[in-house]
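Hello,

Here is the structure for you to look through. My notes follow below it.

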Amino acid sequence: MNVRRALVVVSAACGCSLLIAINAHAQSPPAQLTLADAVNEALVKNDRIVNQSDTTAQADLGVRLAKSLFHPKVTPNMFGSFGRTDISSQTYRVDVSEKLTTGTEVRLSVGTASQLIPGAFPERSPDVLFYNADTTLTVSQPLLRGLGRSVARRPLTSAELRREDAGRMQSLSEQQVAVEVAAAYYRVVSQQAFVEVARQSLLRSRQLREASEAKLDAGLVSQLDSLRSQQLVAQAETQLFDAQSAVEDARDQLAFLMGRPSGESFDVVAAVDRKSTRLNSSH
C-alpha cells in the first residue's frame with residue numbers, strides 16, 4: 001500500500017516549532033470488476049434502461065387509469081348541521097356507480113332530506129320536522145357508440161397494448177445493453193493484453209539498445225545498428241502509449257454503459273470465466 005508522508009508544523013507557545021510526521025494512507029486499489037457485476041450495474045444505472053423503465057412505469061399508470069373507469073365509485077354528499085337536528089333542508093346522500101366493460105352503467109342513489117312544517121300557532125302546535133327518503137336505481141346503456149366489449153374497453157385495450165409494447169422495448173433494451181457491456185468488457189481485457197505485449201516489447205527493445213550500445217563501445221557494430229536499436233525503442237514506446245490510451249478509451253466506454261461518472265477508477269478481471277458470461281437480464 002502506498003504511503004504518503006506529510007509534515008505538519010505546529011508552533012508552540014514558547015516560540016519553538018515541533019515537526020509531527022503524519023502517515024496519510026493512500027486510497028486502496030480499486031476492486032476488480034467481473035462481467036456479471038458490470039452487466040448487473042448497467043441494467044440498473046444505464047441511461048437507456050432508466051428512460052425505458054420510466055416509460056414502462058408510465059404505461060403501468062395508464063393501464064391503472066383505464067381500469068379505474070370500470071371500478072365501483074362511491075360519492076357521499078352531506079349537507080347539514082352538527083349542532084342542531086331541527087333545521088330543514090339537511091341532505092344526506094350516497095351515490096354508488098359502476099361502469100361495466102359492456103358499456104352498461106349502473107347507478108344506485110340512496111339519500112334523505114329533512115323538511116320542516118312550521119306550526120300555525122307555535123304555542124299550541126309546534127313545528128313538525130320530518131325526513132324524505134329517496135332511493136334510485138338507474139341502468140343506462142349508450143347506443144350511439146355501439147354495443148359490446150370492443151367499444152367500451154377501447155381505452156383499456158389501448159393502454160394494455162402500450163404496456164406490452166413498453167415491456168418488449170424494455171426487454172430489448174436490456175438485451176442490447178447487456179451485449180454492449182460484454183463487448184466493452186472484453187475490449188478492455190483485450191486492450192490490457194495488448195498493453196502487456198507492448199510493455200514486454202519495450203523491455204526487449206531497451207535490452208537490445210543496451211546491448212547494441214555496449215557492442216558499439218567495443219567496436220563490434222556500426223553506428224547505424226545503434227541508431228536502429230534506438231528507433232526500435234521509440235517505436236515500442238509509441239506502441240505502449242497507444243495501447244494504454246486504447247485501454248483508457250475502452251474503460252471509459254464501459255463506465256459510460258454502466259452509468260458511472262467519467263474518470264472513475266476501476267479494474268476488470270483479466271481471466272474471464274465462461275460461467276460468468278451467462279448474463280442475467282432479469283431486472
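Which residues does glutamine 170 touch, not counting residues up to four places away in sequence? They are Gln52, Ser53 and Thr56. Contact here means heavy atoms within 4.5 Å.

First, the ground rules. This is a predicted model, where local features need pLDDT of at least 70, side-chain atom pairs count only at pLDDT 80 or more, and totals for chains, interfaces and linings use all residues. Residues are numbered from 1 along each chain as its sequence is written, and side-chain values use heavy atoms, with hydrogens and water left out.

Back to glutamine 170. Its place is in helix H4, residues 154-218. Glutamine 170 is buried, at a relative accessible area of 17%. Buried means under 20% relative accessible area (1.4 Å probe, protein chains only).

Now the whole protein. It has 5 helices and 8 strands. Both are DSSP runs numbered from the N terminus: helices are H or I, at least four residues, and strands are E, at least two. Of the 283 residues, 23% are buried.

Next, the cores. A nonpolar core is a set of buried Ala, Val, Leu, Ile, Met, Phe, Trp, Tyr and Cys residues joined through side-chain atoms within 4.5 Å. The largest one has 23 residues. Val181, Tyr185, Leu254, Met258, Phe266 and Val268 have the most contacts inside it. H4 gives the most to this core, with 8 residues. Apart from this core lies another, of 8 residues, including Val195 and Leu202.

Best wishes

Note on methods: Buried means under 20% relative accessible area, exposed over 50%, partly exposed in between (1.4 Å probe, protein chains only).
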